[in-house]
Each structure stands twice: as structure tokens, then as C-alpha cells.
Amino acid sequence: MSNFRATKDKYKFIPQTVRPGQRSSQGITAQGRSRHATPLHMGLAPNDSSEMATRPSSSTSSQYTRGPGPRSSFSPIGHPASFLSVPPESSLNVGSHTKLTNLELPGNQSGARTPSDVTGFFSNASHFHLENFNYSYVEGPKDSNSYSKAVYERSEYWKLLLQNAAPNALHDSRARFDAPKCDEDTRVEVLGEIMGWMKDRGSPTPQRLLCITGAAGAGKSAVQQTIAGICSNEDILLASYFFSVADSTRNIVTSVIPTIAYQLSRIDPAVRYFIVAAVEDDPFIFSKSLQTQMEILISRPLRKYGEEFGVDLNDLPYVILIDGLDECADEDHQASLLTAIKECFLDSDLPFRLIITSRPEWAIRTALDSGGCLHGIAYHIQLSNEYDATADIRRYLWRRLQDIGNRSGDPRARPPLWPTAADVEALVRAASGQFIYAATVIRFISERRSSPVNKLNAVLTWTSKENQRSNPFAALDLLYTSIVSKAKEAYEAADTTGSDFLLLLHAYRLNIDRHPDHIVQDLDTLFCSEPNAHALLISDLHSLVTTEPYSNPRVSPSQNLLRLKMYHKSFLDFLADVNRSKDLYVPTAQVTTFVALRCLEHIGECSSDDIRWVDHVAASWDSRFVETRCLHHSFDILPGLLLDCLEAPDFPLDQVLRFASQMGLEKVAKWLKMAISSQTSSAEPWETFTSRFFQMFKVFIFDHVG
């Protein structure tokens with residue numbers, strides 16, 4: 001007779017029904033002789049019909065089944081296992097007449113066996129003998145370690161979850177080994193604001209969603225990656241998802257929820273079990289709506305975990321990061337994700353904080369605007385507008401360039417001789433407050449096969465040439481090309497007037513470049529003859545172009561006059577250079593001609609009475625008189641445009657003749673007379689302007705009309 005010594009105080013077993021002389025799956029015979037060294041592991045797993053260990057004998061009042069998974073583990077399919085207690089250091093002697101079918105566990109009133117029913121070890125068993133008996137220790141009741149992850153790693157449903165997730169989207173993924181992050185002593189203010197919001201969990205009405213928007217290359221992903229690192233180090237990062245338009249596994253919305261669910265499963269094996277059980281219950285969950293996926297795979301498992309284990313969800317890691325929403329394919333899917341986040345997290349009491357970064361494109365703009373699903377309930381940081389990164393970019397350039405110089409084999413690159421303050425300031429001005437320019441320059445200069453001194457000189461003196469091999473701004477050009485191409489496609493799909501997107505974009509660009517003191521509503525009327533035309537044009541360009549209030553002391557903010565602003569000076573350079581913008585380029589002569597002809601047409605269609613009121617109305621800056629202000633603008637910019645047009649060999653003469661037939665020259669003369677008498681202030685005295693204007697028409701009429 002053998003003794004069974006218990007060295008732990010709590011155990012769980014899966015009993016098997018074995019008849020005398022019959023061999024069980026663990027190698028135990030009815031006489032108790034072990035034919036193999038395989039351990040016998042037992043535990044209660046009721047209501048599992050998927051895999052029966054053996055058929056029950058006729059004398060057994062209840063059926064016990066072995067759950068799926070390895071025999072070294074316990075699978076609580078349907079219900080947590082029974083916990084059978086034996087006092088520590090106790091002995092158990094068992095008789096020699098083995099018949100496990102006589103094992104009966106006391107049941108509740110319904111006859112079902114539950115964990116609370118079991119009070120002893122092999123309760124009511126007698127007359128059997130076991131030798132070479134091995135057992136596995138599992139933690140006691142309500143201990144989540146009992147939900148061994150080994151079971152689920154081998155289950156088809158766990159694999160199904162992993163197949164729908166995107167490992168490349170994790171903040172510490174190998175695919176993102178060189179992910180941008182904030183340099184030391186940079187972005188200190190914005191990082192402080194973000195972390196302050198994140199940790200202020202005791203506010204009476206906390207905003208649990210933070211949206212960070214900013215221009216392309218403003219450093220949003222670097223900020224998000226830095227936040228991820230901080231949160232990970234402080235053990236408050238719950239999940240992260242970094243979109244990338246260039247990675248097909250993480251530029252789609254379908255992998256977002258499974259990836260977040262995978263990260264939630266790492267909280268505790270029990271959470272993993274609840275998530276996998278949900279997949280088992282509905283294997284088609286990944287083809288359902290985002291709201292349904294969030295509810296089934298995130299919200300319910302977490303709530304169940306809190307309820308069954310008495311866990312306060314406030315004590316869990318609580319930060320969820322989603323970066324680059326604009327890089328998710330299909331704007332409707334972006335909007336659906338924001339709606340699902342609102343319904344799952346913001347409309348519930350789940351105590352998590354979410355941070356979403358995105359370019360200010362349609363989905364997140366409309367969600368944050370009045371009437372949007374996130375209006376008033378999300379904390380919004382506009383990175384490009386609220387934080388001037390100039391000082392940070394300067395520190396970044398100094399630190400990186402000096403580091404490159406110290407590692408260089410070129411003695412000319414040694415600090416303090418290199419770089420010079422003038423060189424750094426030139427780069428800072430070119431960056432226009434956007435980190436992507438500075439990062440692109442540093443990446444170009446840090447190439448190991450050439451001198452950083454020569455590389456920096458190439459950046460500062462670079463002019464594009466056809467078939468040029470080296471382009472320090474290749475990464476920028478690729479970014480700009482992608483954004484403008486997609487915006488062009490979206491514009492042409494929505495426009496019903498047949499307007500030329502690229503021509504209009506370059507026409508607005510020309511006015512921004514030459515006449516920064518413009519009013520965009522006037523340009524709308526001049527170029528498109530319809531109000532608010534610029535809104536459709538830049539609808540998908542908000543990461544490069546924005547509007548800002550027209551600043552003039554005579555203008556009331558209530559008039560809502562606006563001007564266009566390009567975030568990147570380098571974007572203007574890109575548009576104006578055929579070797580960089582390639583198929584997106586429109587020749588300057590064509591753009592100038594288009595604008596000049598629109599001015600001529602506008603002046604030709606006006607009446608003498610209109611001209612009489614031009615200066616008075618323009619001086620009042622009254623937003624009700626857009627047409628008259630537009631006429632003022634046409635007179636103002638026409639001379640320079642026509643002078644440029646005269647140099648164009650293909651300038652359409654018939655348009656000028658039509659202008660003359662509409663008494664255009666008389667109207668110009670009246671305008672000039674009025675302008676001289678009013679002495680309206682201008683960068684150039686009106687007398688000089690008039691002289692140039694008349695000289696231009698004199699040359700044009702005599703040379704082309706005769």
C-alpha cells in the first residue's frame with residue numbers, strides 16, 4: 001500500500017471514469033499500476049461535450065470530461081474548475097479495490113456539480129489503490145493563474161484572434177525599430193500637458209479621450225511614441241496601435257480591435273480566457289461591426305474579469321494609444337472607429353484614457369466639429385497651431401549635427417567649428433516649425449559614406465535638376481506627392497463643375513506667395529465664382545494647408561474673414577519645382593495666365609457704378625461686399641500678372657480683345673483716377689503703380705493690337 005503525501009494545501013483534478021482492467025488515457029489501470037511515467041492530472045470541467053475522455057460507467061451518477069488542451073494544464077471550459085482541498089503534509093491511504101466509477105461528488109439542488117459543492121478529496125470514494133501517482137498544483141479559488149495561457153495558445157480560437165491582429169502595429173514592434181520619438185529637452189511643454197491630462201483621473205468630469213491633430217510632419221507620431229515609452233515604463237500602458245499607410249497589415253481598420261484585445265489578454269490569463277471564449281462563442285466576430293467587436297472582445301471580458309475576481313478596473317493599466325488615424329484606408333472606416341470608441345469607452349464607465357493622433361483630415365475634423373460625435377467630449381490639442389516647435393527644432397538640429405560631427409572622420413566637421421550658427425538658423429527657417437523637414441535633413445546628412453560638411457552644404461545650396469541622383473528632400477517629396485495625389489482624386493470625385501484641381505491649387509498658391517495679405521473668400525469668387533470654394537479644394541489637404549482669421553485691426557472677428565496658410569514652406573517649393581512635383585506640377589505661365597484672365601473677366605463684367613464703390617467698400621472691409629472686394633483685388637494684382645503674361649509666348653490675345661470690347665480700358669482708367677485721388681496706402685505708391693500700369697497696357701496694346 002502506498003502513501004499519497006500532499007505538500008500543498010489546494011489542488012484541482014479532472015477525474016476519469018475507468019473500469020477495472022481498463023487503461024486510461026493517462027496510463028493508469030484499474031489495479032492502479034502505472035504503465036507509464038505520465039502524470040495523472042485531474043480537474044472538473046462539466047458541460048464540455050467537445051472531447052470526452054472516456055465513457056462513464058453505468059454506476060456513475062454524473063459525467064466528468066477532460067477539457068481540451070495539454071494534460072499538464074486545466075481547461076475551465078464552461079465553468080471554473082472544482083477546487084479540492086487536502087491539509088498540508090497530510091497522508092492519504094487508499095484501498096486496493098479500484099473502481100473510479102464509484103466516485104460521486106455531492107451536488108446542489110439542481111443536481112449540477114459546482115466548485116462550491118466539492119468539500120473533500122475524492123469525496124465518497126473507497127476501496128482503490130494508486131501507485132506512482134503524480135499531480136499538478138494549481139492555485140486556489142478565484143486565482144486567475146488557474147486560467148493557464150498554455151491552453152489558449154494551442155486553441156484554434158486563440159489562433160484566430162492572433163490571425164486577425166497586427167503585431168506590426170504595437171509600439172515596440174520590430175517592424176517599428178526606428179520609430180521617431182522626441183529628442184531630449186524637446187516637446188517638453190506638450191508632453192507635460194499630455195501627461196498632466198492623463199494622470200488627472202480624479203476630475204469630476206474628466207475627458208477620457210485626447211485628440212492630437214497637426215500638420216503632416218509636425219511630430220505627432222514622435223510624441224505618441226514618446227508617450228508610449230513613458231507609459232510602458234510606468235506600467236500604465238494598456239494597449240497601442242500605430243497605423244501606417246505603407247504597411248498592409250496596419251493600414252486597415254479591421255485589425256484594430258483584435259490587436260487591442262490581444263494586448264488586453266496580457267493583463268491576466270483569466271482575461272485571455274474570457275476573450276478567447278467570446279471568439280469561440282462567435283468565430284465570425286471579426287467580420288462584424290466595430291461597435292460589436294469592441295463590446296464583445298473588450299468591454300464584456302473586462303467587466304466579467306472585474307466582477308468574477310473582484311478586481312477594480314481602475315487599478316489596471318489604463319492608457320490606450322492610437323496613432324496616425326489618417327493613415328487608415330477609407331475615411332468612412334476612420335469615422336466608424338471614432339464612433340465605436342465613443343460608444344464603447346466614452347458612453348460607458350470604463351476607466352481608460354485614450355489618445356488618438358491624426359492629421360486634421362475629414363474624419364477627425366467632422367467628429368470634433370460642432371455636431372460631431374466627439375464634439376465637447378474630447379480634449380483637443382492642435383499641435384501645429386498651439387505649440388511653436390521652432391526652439392525645439394533648433395535644439396534638435398544643434399544636438400544631432402554636433403553628434404554627427406563628433407562621429408565623422410572629416411576634421412572639418414568637429415564642433416565648435418561645425419555647424420555654424422548661420423547654417424542652423426537657415427535650416428530652422430526652412431523647417432517652418434515642422435519637425436519632418438529637420439528630421440529629413442538629419443537623415444540625409446548622417447549617411448556614413450560622405451562628409452557631413454559636404455552634405456549640409458548640399459542641403460543649403462541645393463537646387464533640383466532633371467535626372468539628379470541625390471535629393472536631400474526625397475522623403476518630403478514622397479509625402480507631399482502622396483497627400484496631393486489623394487486629395488486630387490477625392491476632389492475630382494466630388495466636384496460637379498469640372499474645375500481643374502491642380503490649376504486651382506497652384507492659383508491659390510500663387511496668391512499666397514505673391515499676396516500674403518489676401519482674403520480667401522475673395523479668391524473663391526475670383527477663381528471659382530462661388531462662395532467657400534476653397535473648403536472643397538483643401539478638404540483633403542488640411543495636413544498641409546489651413547485657414548486662419550484675417551488679421552487686420554479694421555476687421556471684426558464676427559465677419560469671419562480668412563486667409564490661407566501653408567504649414568510648410570517646403571511645400572510651396574515642392575509645388576513650384578517640376579523636378580520635385582513631377583505630374584503634380586503646373587507651369588507658372590499657365591497659372592499666371594489663368595489668374596490674369598479671371599481678373600480681366602471680373603473687371604470686364606463690372607459696371608462703372610461698381611468701380612465707383614470699389615475703394616469705399618474695400619476700405620470698410622465689410623464681409624457683405626465680397627464681389628466688390630474681389631474687384632479691388634483684381635485691380636490690385638492685375639498689373640504684375642499681365643507683365644508676367646506678356647513674356648509668355650502663348651498668352652491668349654483673344655481674351656485681351658474681348659476685355660477691350662467690354663470697355664475694360666475705360667474701367668481701368670476710371671479705377672486709376674479714383675485710386676490716385678484716394679491715396680490708398682500700398683507697399684508701392686499709387687503714382688508708381690499707375691505709371692507701371694499704363695506703361696504695361698501701352699506696350700501690350702501697341703505690340704498686340706496695333
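Tutor: Contact here means heavy atoms within 4.5 Å. This is a predicted model, where local features need pLDDT of at least 70 and side-chain atom pairs count only at pLDDT 80 or more, while totals for chains, interfaces and linings use all residues. Residues are numbered from 1 along each chain as its sequence is written, and side-chain values use heavy atoms, with hydrogens and water left out.

Student: Which residues does Ile-227 touch, not counting residues up to four places away in sequence?
Tutor: Ile-227 touches Leu-191, Ile-194, Met-195, Met-198, Leu-321 and Ile-355.

Student: How many residues are in the largest nonpolar core?
Tutor: That core has 80 residues, and Ile-227 is listed with Ile-194, Met-198, Leu-297 and Phe-345 as having the most contacts inside it. A nonpolar core is a set of buried Ala, Val, Leu, Ile, Met, Phe, Trp, Tyr and Cys residues joined through side-chain atoms within 4.5 Å. Buried means under 20% relative accessible area, exposed over 50%, and partly exposed in between (1.4 Å probe, protein chains only). Another core, of 77 residues, lies apart from it and includes Phe-571 and Leu-572.

Student: Switching to salt bridges, how many are there?
Tutor: The count comes to 19, taking a side-chain nitrogen of Lys or Arg within 4 Å of a carboxyl oxygen of Asp or Glu. In one of them, Asp-183 meets Arg-400 at 2.7 Å, N to O.

Student: Where do Asp-183 and Arg-400 sit in the chain?
Tutor: Asp-183 is in the loop between helix 2 (156-164) and helix 3 (188-199), and Arg-400 is in helix 11 (residues 390-407), 217 residues apart. Helices (H or I, at least four residues) and strands (E, at least two) are DSSP runs, numbered from the N terminus.

Student: Is Asp-183 buried or exposed?
Tutor: Asp-183 is buried, at 11% relative accessible area, whereas Arg-400 is partly exposed at 30%.

Student: Why are Tyr-305 and Phe-309 separated by about one helical turn?
Tutor: Because they are 4 residues apart in helix 7 (residues 290-309).
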